[in-house]
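Below is a short briefing on a metal site and the residues around it. Please read it alongside the sequence and the coordinates.

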Amino acid sequence: MADEALKRVRTRHFQRAKENGIKITGLTSYDQLTAGIFDEAGIDFLLVGDSAGNNVYGYDTTLPVTIDDLIPLARAVAGAVKRAFVVADMPFGSYETGPDEALHTAFRFMKETAAHAVKLEGGVRSAEQIRRIVSAGIPVMAHIGFTPQSEHGLGGHVIQGRGEQVEQLLADARAVQDAGAFAVVLEMVPAEAAARVTAELRIPTIGVGAGPHVDGQLLVWTDWAGFTKGRIPKFVKQYANLRQTLTDAVSAYRTDVEAGSYPGPEHSYED
Ligand SMILES: Nc1nc(=O)c2c([nH]1)NC[C@@H]1CN(c3ccc(C(=O)N[C@@H](CCC(=O)O)C(=O)O)cc3)CN21
Ligand SMILES: CC(C)C(=O)C(=O)O
Ligand SMILES: [Mg+2]
């Protein structure tokens, strides 16, 4: 979506990008420093993901994450951007009981942070929630395919939409579009299935492990930057090796302090 250099990204720009065949780029962010860097680099949208559970809070899954865990992060990210569209992820247990709960949660993110939209997981099963939030004037990004909040129900990190399952994926995609979502994330689905969804929908598809035939891409920034500890999904391309960079830096610091070579005169004050 590269042009419109300084104008804020809006939902209509997502729509226009799809219509004009211009790819949309997204990354997660959980803090103001990365948000500022990604925004200045022209990333179109930043997701304050509940993947903060793994990447900020040290949980094994996203399930324990609460609204109160995410609000300060969403405030930091939204406060740091000039152009990027900021999406706040609704955590597990904050919208499933019904449209009233979903709208209440969306109101909290919109009133207590400067985010521009919310995201929630689920297709057909979340359509009424999406409809209610959208009817209150809040844009919703949907999320179908592999939905990490249902990891246990889905039996692990299992690719969704293979073979006959593509019909369910298409039904979910139609349901979120009909409910008024402005875009839909497709996570861990075969490239062919994502291509079918993308061709059928009017709204843009954002792939996370969904191959190239989608309208945009999204990655968890710590995966993409080589910061994540442990296994990263196959779909991630690593663009940096932050973990190694920081490991080398901290070893050098420790060595210097132990050897008495830091701080030197240039880091010390005179009387
Ligand atoms: N987009 C995204 N969704 C996630 O759920 C997620 C991330 N990123 N990144 C951080 C963690 C790490 N997660 C994952 C998810 C999948 C694999 C994985 O290895 N998947 C296999 C395919 C599934 C399988 O057959 O097990 C792979 O080869 O990619 C690893 C870590 C879950 N988390
Ligand atoms: C991986 C993306 C889609 C997400 O929901 C998150 O980072 O929380
Ligand atoms: Mg999430």
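Predicted model: local features only at pLDDT ≥ 70, side-chain atom pairs only at ≥ 80, totals over all residues.

In it, the magnesium ion (ligand 3) is coordinated at 2.1 Å by Asp 50 (OD) and Asp 89 (OD). Asp 50 sits in the loop between strand S2 (45-48) and helix H3 (52-55) and Asp 89 in strand S3 (residues 85-89), so the pair ties together parts that lie 39 residues apart in sequence.

**Metal ligands**
- Asp 50 has a relative accessibility of 4%, so it counts as buried, the cut-off being under 20%.
- Asp 89 is also buried, with a relative accessibility of 2%.
- Beyond four places in sequence, Asp 50 touches Thr 62, Val 65, Leu 70, Asp 89, Pro 91, Glu 121 and Gln 149.

**Annotated positions**
- An unreviewed UniProt entry lists Asp 50, Ser 51, Asp 89 and Lys 119 under "binding site".
- These positions span 70 residues in sequence, but no two of their C-alpha atoms are more than 12.5 Å apart, so they gather at one spot.
- Asp 50, Ser 51, Asp 89 and Lys 119 from this set are part of the lining of the largest pocket.

**Ser 51**
- Ser 51 is in the loop between S2 and H3, and Asp 50 is found in that loop too.
- The relative accessible area of Ser 51 is 12%, which makes this residue buried.
- Leaving out residues up to four places away in sequence, Ser 51 touches Thr 28, Tyr 30, Thr 62 and Val 220.
- The side chains of Ser 51 and Tyr 30 are joined by a polar contact of 2.7 Å.

Notes: Residues numbered from 1 in each chain as written. Chains lettered and ligands numbered in written order. Heavy atoms only, no water. Donors = N, O, S within 2.8 Å, 3.2 Å for Na, K, Ca; no water. Helix = DSSP H or I, 4+ residues; strand = E, 2+ residues; numbered from the N terminus. Buried < 20%, exposed > 50% of the residue type's maximum accessible area, 1.4 Å probe, protein only. UniProt positions renumbered as here; feature names shortened; annotations may be inferred. 1 Å grid on protein atoms, 1.4 Å probe; cavity = no way out; pocket = protein on both sides within 12 Å on 5 of 7 lines; lining within 4 Å. Contact = heavy atoms within 4.5 Å. Polar contact = N/O pair within 3.5 Å; in protein donor to acceptor, adjacent residues only side chain to side chain.
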